[in-house]
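Here are a few exercises to work through with the structure open beside you. Try each one before reading its solution.

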Amino acid sequence: MVQAYILIQTEVGKARDVADSIADISGVVRVDAVTGPYDVVVLTEAHTVDELGTMIVSRVQMVPGITRTLTCSVVRL
């Protein structure tokens with residue numbers, strides 16, 4: 001399995017709506033609203049990097065209210 005954290009910035013007042021919408025996407029393990037420069041942090045997993053990329057681009061980034069995402073792949077050192 002491949003995992004990644006997605007750091008999400010949202011429109012003002014949209015963090016809860018974005019978090020609720022993302023929680024229903026297949027491959028999403030955990031969704032948290034946070035404080036700081038990002039509004040929502042999402043832990044995702046998929047079988048391959050390509051599958052993960054497809055989920056992020058075609059499902060997560062299409063959620064209304066998102067203004068920017070940053071994806072951080074999990075590495076095992």
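The exercises below concern a predicted model and go from its core to a helix and then to a charged pair.

**Exercise 1.** Find which residues of the largest nonpolar core touch the most other members, and which elements supply the core.

*Solution.* Start with the core itself, which has 18 residues. Within this set, I8 and I22 touch the most other members. Next, turn to the elements: β1 (2-10), α1 (15-23), β3 (40-46) and α2 (49-60) each give the core at least two residues. Finally, take I8 and set aside its neighbours within four places in sequence; its contacts then include V18, I22, V40, V42, V60 and I66. Y38, D39, R68 and T69 are also in contact with I8.

**Exercise 2.** Work out where the buried residues of α2 lie around the helix axis.

*Solution.* First pick out the buried residues of α2: L52, M55, I56 and V60. Looking down the axis of α2, these residues fall within an arc of 95°, so they line one face of the helix. Then check the other side of α2, where D50 and T54 are exposed. Last, ask what covers the buried residues: the cover includes β1, α1, β3 and β4 (66-73).

**Exercise 3.** Count the salt bridges and classify the partners by exposure.

*Solution.* The count comes to 1 salt bridge. It joins the side chains of R30 and D32, at 2.5 Å from N to O. For exposure, the cut-offs are under 20% for buried and over 50% for exposed. R30 has a relative accessible area of 51%, so R30 is exposed. D32 has 27% relative accessibility and therefore counts as partly exposed.

Conventions:
Residues are numbered from 1 along each chain as its sequence is written. This is a predicted model: local features need pLDDT of at least 70, side-chain atom pairs count only at pLDDT 80 or more; totals for chains, interfaces and linings use all residues. Side-chain values use heavy atoms; hydrogens and water are left out. A nonpolar core is a set of buried Ala, Val, Leu, Ile, Met, Phe, Trp, Tyr and Cys residues joined through side-chain atoms within 4.5 Å. Buried means under 20% relative accessible area, exposed over 50%, partly exposed in between (1.4 Å probe, protein chains only). Helices (H or I, at least four residues) and strands (E, at least two) are DSSP runs, numbered from the N terminus. Contact means heavy atoms within 4.5 Å. The arc is that of the directions from the helix axis to the C-beta atoms. A salt bridge is a side-chain nitrogen of Lys or Arg within 4 Å of a carboxyl oxygen of Asp or Glu.
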